[in-house]
Number of protein chains: 2
Amino acid sequence: MLKPDPGRLLAVAREEALLGKAEGGVPIGAALFTVDGELLGRGHNRRVQDGDPAMHAETAAFRDAGRRPHYRDTVMVTTLSPCWFCSGLIRQFGMAHVVIGEARTFSGGHDWLAGLGVGITIVDDPGCVALMTEFIEQRPELWFEDIGVETP
Amino acid sequence: MLKPDPGRLLAVAREEALLGKAEGGVPIGAALFTVDGELLGRGHNRRVQDGDPAMHAETAAFRDAGRRPHYRDTVMVTTLSPCWFCSGLIRQFGMAHVVIGEARTFSGGHDWLAGLGVGITIVDDPGCVALMTEFIEQRPELWFEDIGVETP
């Protein structure tokens, strides 16, 4: 079902994550494409930048794509395994596929989505892993806030 | 766990839904409270008003409440059973309770949340049922767009 190279799609999401990092924010990026590889929207986590806890990378890319009658021909591309909020987004709007940079530093709802028939591609990209590993080490309180977990 | 009267909390969400209706939008409202009844944020669906498909009523109320370290003492109040996107929000951020105006015209993820230990109160409010019944009848294409379903 997924014609484009996952690495090419992921490069856009990783670019967004790096923009977020440069802004002092949570370095997670995402992009929404069609299954044919057309870019519909892109964005990164905006918790710090806008004081907006609802703008995870995936919801930012979804917003950027604007209003659409359906999403059955779309692919959500994200640098990190989608949390339950973003997995719920993918389920509700019936997206066809999810491309994930890495699921080592955090694992959200991608197995649940796979069980519901959503295509899942985990790239396991070392650049994405390094970005999150460094972030969690340097800003644990911000990371835990972003996923609603009290800092241990 | 839920001390305040669900009807009093729901009144705020219903007020938001009516604001959304008056603006020509999807008439669904929500509010985030503490379990003690303190209002933290309120909002309504903004698909039409802002061209923003990510602002369901619950995500709008969540955004309005601003950044918080955790949500374990919060109650999401919504005029309609939360869709999977908003149910994922409630799960990810570990909200304690959900007060739902009605689950007759649409049923999202509230049973899933109950199974995960989230408190669920369905008020079954005739005003909320009437609001959605009228909306779905008058604007089916907008309603189906809002939940990512192609108009049948």
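1. Symmetry first. Chain B goes onto chain A by a rotation of 180 degrees with 0.0 Å of shift along the axis, at an RMSD of 0.0 Å (least-squares superposition on C-alpha atoms of residues with pLDDT of at least 70 in both copies). The two copies are therefore related as by a two-fold rotation axis. Within chain B, B:Gly88 has the C-alpha nearest that axis, at 2.4 Å.

2. Ground rules, quickly. This is a predicted model, where local features need pLDDT of at least 70 and side-chain atom pairs count only at pLDDT 80 or more, while totals for chains, interfaces and linings use all residues. Residues are numbered from 1 along each chain as its sequence is written, chains are lettered from A and ligands numbered from 1 in the order written, and side-chain values use heavy atoms, with hydrogens and water left out.

3. On to the interface. Chain B puts 35 residues in contact with 35 residues of chain A (contact being heavy atoms within 4.5 Å). Of the interface residues of chain B, 100% are also interface residues in chain A, so the copies meet through the same surface. Together the chains bury about 3000 Å², 60% of it on carbon and sulfur atoms; that is accessible area (1.4 Å probe) lost on putting the two parts together, summed over both.

4. B:Glu145 pairs with A:Arg67 in a salt bridge, with the closest N and O atoms 2.7 Å apart.

5. Who supplies the chain B side? α2 (47-50), α3 (57-64), α4 (84-92) and α7 (140-146) of chain B each give at least two residues to the side touching chain A, and α4(B) gives the most, with 6 residues. Helices here are DSSP runs of H or I, at least four residues, and strands are E runs of at least two, numbered from the N terminus.

6. Inside chain A. A:Glu15 and A:Arg42 form a salt bridge, closest N and O atoms 2.8 Å apart. This pair links distant parts of the chain, 27 residues apart: A:Glu15 is in helix α1 (residues 6-22) and A:Arg42 in strand β2 (residues 39-44). Over all chains, the whole structure has 24 salt bridges.

Terms used
A salt bridge is a side-chain nitrogen of Lys or Arg within 4 Å of a carboxyl oxygen of Asp or Glu.
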